[in-house]
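Reader: I would like to learn how to read the features of a model like this one. Please take me through them briskly.

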Amino acid sequence: MKRIYSLFAFTLLMTFGACSAEEPHSPADDNTTPPANAVELTAPQPTIFTGSLTMNSFTLVWEAIEGAGNYVITLNDHDEITTSELFHAVSGLEPTTAYRVKMQALPANTKTHKASKWVTLTVTTANDPESDKLFPDEIPEAVIPAEYQLVWSDEFNTSELDLTKWLIEDNGNGGGNNELQYYDSRGVSMGEEPETGRHCLILTARKEQYRGKSASSGRINTSNGYTFTHGRVDALIRLPKTADGLWPAFWLLGADYKQVGWPRCGEIDILEMGNSTGIRRGMQERYFNGACHWGYYEGGGYPNYAKASDAPYSLQDGFHLFTLVWDDQRVATYLDLHLYPDAEPYFVMNIDDVSSDKSPGNYFHHDFFIIFNLAVGGNFTGIWDIDKVTALGSGEASMYVDYVRVYQKTK
């Protein structure tokens with residue numbers, strides 16, 4: 001059996017106030033009802049301590065909450081414990097099993113504070129290496145809400161890239177980010193992803209002196225073949241090992257780019273990996289982000305918003321689904337909705353504000369086009385020397401796209 005999705009990790013879905021209807025928990029030694037003017041404690045934000053997740057255990061860690069004396073934790077609504085520590089180890093668990101963890105901060109002084117809302121997490125223990133439970137023969141299809149219909153796609157199952165849909169970019173301008181590669185057709189091909197045999201678009205970066213640059217790669221877009229406003233966009237992608245220096249991306253750019261320039265055209269970054277912060281933290285395979293850019297330059301800057309996340313598992317170990325849901329209210333991006341359909345977005349930005357010329361609502365309600373690229377070095381990575389791009393060494397690396405699909409609401 002080909003293991004097409006190596007998921008050695010957990011799902012971490014945080015829902016603040018998810019159990020707010022429940023009665024706040026009171027300290028065991030103080031049953032006094034808090035006075036009306038007592039301040040509700042801030043809800044804790046527990047995470048899994050790095051490296052602690054195994055088949056049978058994990059460790060929760062959290063920051064201290066001002067005014068809190070203790071913290072209550074339950075597992076599947078049982079086994080309640082109260083602790084004053086800022087960590088708690090859970091053991092004796094089953095492999096590949098989801099556990100519902102709830103946590104609440106309790107006040108040190110019930111005359112001034114009252115208990116926080118409950119926080120709920122779902123933690124899935126690591127898989128048993130002897131089990132194929134997490135490695136199906138086929139990657140499951142995402143469940144698309146009934147109000148959406150497929151309006152455009154490329155399954156990348158042909159021998160040549162469909163040039164009625166895609167433009168292969170040919171330039172060495174560095175993308176405005178001091179990137180090291182030259183983009184042209186040598187970096188774009190169609191073929192099988194070696195481990196799974198899935199037929200894909202392949203973007204390949206190479207360390208080489210090529211057309212005045214120290215690397216070559218591929219970048220394609222739909223500017224001449226397809227543009228759209230609003231909808232859901234899914235792409236199933238296998239990312240390369242970015243290590244230090246590779247910068248794969250899946251994004252949208254405003255179709256009026258040639259007329260108004262950037263950033264006035266607007267930009268929606270659904271997926272970017274390879275950021276210098278991830279490199280510095282040693283989190284290259286998990287640190288990723290979504291972002292939006294818009295407006296115009298003023299005083300050397302322009303409006304933008306980005307949010308980075310630590311994925312709960314490596315994003316460079318197999319195919320992962322990246323999704324944009326874009327409507328007249330907001331843009332939101334999601335990871336692996338085909339596996340976790342209730343996952344929260346890793347990036348959200350409201351786009352309904354049109355109150356000023358710099359408001360995002362003036363830049364994200366027109367046609368955009370799709371871009372896939374694999375950049376080498378540049379400002380995002382903090383690497384401008386090809387010899388420091390460890391991801392390539394003396395060879396090459398590839399990004400595989402199994403499909404991209406655009407859905408729009410039918411009503």
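Reader: Is Asp 234 buried or exposed?

Author: Burial is read from relative accessible area: buried is under 20%, exposed over 50%, partly exposed in between, with a 1.4 Å probe and protein chains only. Asp 234 has 1% relative accessibility, so it counts as buried. This is a predicted model: local features need pLDDT of at least 70, side-chain atom pairs count only at pLDDT 80 or more, and totals for chains, interfaces and linings use all residues. Residues are numbered from 1 along each chain as its sequence is written, and side-chain values use heavy atoms, with hydrogens and water left out.

Reader: Which residue forms a salt bridge with Asp 234?

Author: Side chains of opposite charge can pair when their charged atoms come close. The cut-off for a salt bridge is a side-chain nitrogen of Lys or Arg within 4 Å of a carboxyl oxygen of Asp or Glu. Here the partner is Arg 232, with the closest N and O atoms 3.0 Å apart. Arg 232 is buried too, at 6% relative accessibility.

Reader: What does Arg 405 touch, not counting residues up to four places away in sequence?

Author: A contact means heavy atoms within 4.5 Å. Among those that Arg 405 touches are Arg 232, Asp 234, Leu 150 and Trp 152. Its side chain also makes polar contacts (N or O atoms within 3.5 Å; within protein, one must be able to donate a hydrogen and the other to accept it, and residues adjacent in sequence count only if both atoms are side-chain atoms). One goes to the side chain of Glu 141, at 2.7 Å. Another joins Arg 405 to the side chain of Glu 155, at 2.9 Å. Arg 405 is buried, at 11% relative accessible area, and sits in strand β27. Strands are DSSP runs of E, at least two residues, numbered from the N terminus.

Reader: Which residues touch the most other members of the largest nonpolar core?

Author: In soluble globular proteins, nonpolar side chains tend to be buried together. A nonpolar core is a set of buried Ala, Val, Leu, Ile, Met, Phe, Trp, Tyr and Cys residues joined through side-chain atoms within 4.5 Å. The largest core here has 76 residues, and Phe 250 and Phe 372 touch the most other members. Strand β27 (residues 396–409) gives the largest share, 8 residues. A second, separate core has 21 residues, including Leu 53 and Trp 62.

Reader: In what order do the 7 strands of the open sheet run?

Author: Strands of a sheet pair through backbone hydrogen bonds, either parallel or antiparallel. Two strands pair if DSSP finds at least two bridges between them. The order is β12-β17-β26-β19-β20-β21-β22, with antiparallel pairing. β12 (167–168) and β22 (304–310) stand at the edges with a single partner each, so one side of each lacks a neighbour in the sheet. β21 (residues 287–293) pairs with β22 over 7 bridges. Cys 292 stands opposite Tyr 305 in β22.

Reader: Which parts does the salt bridge of Asp 77 with Arg 100 tie together?

Author: The closest N and O atoms of Asp 77 and Arg 100 are 2.7 Å apart. Asp 77 lies in the loop between β5 (68–75) and β6 (78–83), and Arg 100 in strand β8 (residues 98–107), so the pair ties together parts 23 residues apart in sequence.

Reader: Where does pLDDT stay under 50?

Author: pLDDT is the predictor's confidence in each residue, from 0 to 100. It stays under 50 over residues 1–31. Residues 131–137 are also below 50. The protein averages 88, and 90% of the residues score at least 70.

Note on methods:
Helix = DSSP H or I, 4+ residues; strand = E, 2+ residues; numbered from the N terminus.
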